[in-house]
Amino acid sequence: MLILKGTKDGLLIILRNIESITEFEEKLKEKFSKSKDFFAGADVIIDLGEMQLSVEEKQKIIEIIEKDYFMNLTEIRNYNHSQKFLRKETITPAAETFFVKKTLRSGQKINHDGNVVILGDVNPGAEVIATGDIFVFGVLRGIAHAGASGDNKAIVTAFRLQPTQLRIADKISRAPDGMVFTPSFPEVALIKGERIYIEPYFCNLEKSKEGI
Amino acid sequence: MSKVIVVTSGKGGVGKTTTVANIGTGLALLNKKVVLLDADIGLRNLDVVMGLENRIVYDLVDVVEGICKLRQALIRDKRFEELYLLPAAQTKEKTAVTPEQMKELCDKLKQDFDYILIDCPAGIEHGFKNAVAGADNAIIVTTPEVAAVRDADRIIGLLEASELPGPKLVINRLRSDMVKKGDMMDIEDMIEILAIELLGVVPEDEKIVISTNKGEPAISDPASKAGQAFRNISRRIEGEDVPLMNLEVENSFMERLKIFFGLKR
């Protein structure tokens, strides 16, 4: 069930007894089918009740609210303990950066239109997909896909770059089979010519990007 | 303060049930009131491992459905007065119980016991959600295998999402001889990936197979190394600071002789 309330901070959408994102999407469609344009541009607060969402599910909700209904999601909260989820007011997809302040574990997936910064590790079985660059302040052991919509200037950097698979734009590379030399310094992956290259990361990143 | 601890792993066959049986017995040895709750409906094992299969009349589903009283379904252990088992149903399916009902059941058990240990089924579906619902602590069991560690990582992620903070890790079936040769993941490798607190390391031990088949937890066997490890884990759960035991395999006489003559290091 969806309950709508107008508050001074914006439109409050309360979710009760909703099991999944798909169900939420359907209910939202029912409610907003006629008044879609009326609410465009409105600030929205979502109250999840006792429902717990993962990072990727939260992202999905943000996407639905912003892309399908053109509203600004300002906060996601649980009704027993308020869990603030602050968002930038201005929405310029290409430049927007999404911060993940935890380790991504197996089965968790980030899909973001923009850059992604991860303050933690990306474990095997986890996936990060971004249309911009990917920065991992930790060990990248999972899958990373930078420039997912075709930007071959996108890069992937990590304190330790040990991905299962690395994708930039439409190029795919994977770790060599067998025992691999694993350097203990930060590295950067970028496209040069037709292939993905991995280099030690130095501060003059702009220079190495220009050298494409 | 009673604690509800779920023992889970994601992958099957890593030793969840053995861990529940041994830690449960270990806590009973420390004079705690303990109940072991088998949440693996349809594939119950805990009763067999505890050697209590022939005493089952009512089970978890009967309690939840109100067919019997909670007290009637609890089976007292053969060896310990204060150790009980609440068996799972074998003829039903996981969906016979809801997470809300499990939570309610755990809250009821909390009134009478110091520890409620939940044996979680393998997987991440309904059975897992049931097992986790009423718990306020979690123990993740893994073996030194890439697949098991991967699944443990997935489970830790799911526990984070369901707000069950601070799971602790038990590494099971470690073979220090293989680790030494570089054929097996070592403890540090696993801690680095999973990044959670280590509760204990249990060495591979033949005695576990024997004791499991006999229905007598290895923890009560003073000669068993795995039993010793489980005793330590139980004491750590009780808040004692017990150092990790030495897992080195003792060299045979011939090997010691070779080392003495410098033929082997």
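**Close-up 1. The largest nonpolar core and the residues that touch the most other members.** In this predicted model, the largest nonpolar core has 76 residues, and I5(B), I116(B), L117(B) and I118(B) are the ones touching the most other members. Helix 7 of chain B, residues 146-161, supplies the largest share of this core, with 7 residues.

**Close-up 2. L117(B) and its contacts.** Let's zoom in on L117(B), setting aside its neighbours within four places in sequence. What is L117(B) in contact with then? Look for I5(B), V7(B), V20(B), I23(B) and G24(B), plus V34(B), L36(B) and L37(B).

**Close-up 3. A second, separate core.** This one has 30 residues, and among them are L104(A), A148(A), L166(A) and I168(A).

**Close-up 4. N17(A), a positive phi in a loop.** Most residues other than glycine have a negative phi. N17(A) isn't a glycine, yet its phi is positive, at about 55°. You'll find N17(A) in chain A, in the loop that runs between strand 2 (10-15) and helix 1 (21-32). Is N17(A) buried or exposed? N17(A) counts as exposed, because it has 9 C-beta neighbours inside 10 Å and the cut-off for exposed is 12 or fewer.

**Close-up 5. R173(B), a positive phi in a strand.** R173(B) is another residue other than glycine with a positive phi, here near 60°. R173(B) sits in strand 7 of chain B, residues 168-174. With 22 C-beta neighbours inside 10 Å, R173(B) counts as buried, since buried takes 20 or more.

Terms used:
Residues numbered from 1 in each chain as written. Chains lettered and ligands numbered in written order. Predicted model: local features only at pLDDT ≥ 70, side-chain atom pairs only at ≥ 80, totals over all residues. Helix = DSSP H or I, 4+ residues; strand = E, 2+ residues; numbered from the N terminus. Core = buried A, V, L, I, M, F, W, Y, C linked by C-beta atoms within 7 Å. Contact = placed C-beta atoms within 7 Å.
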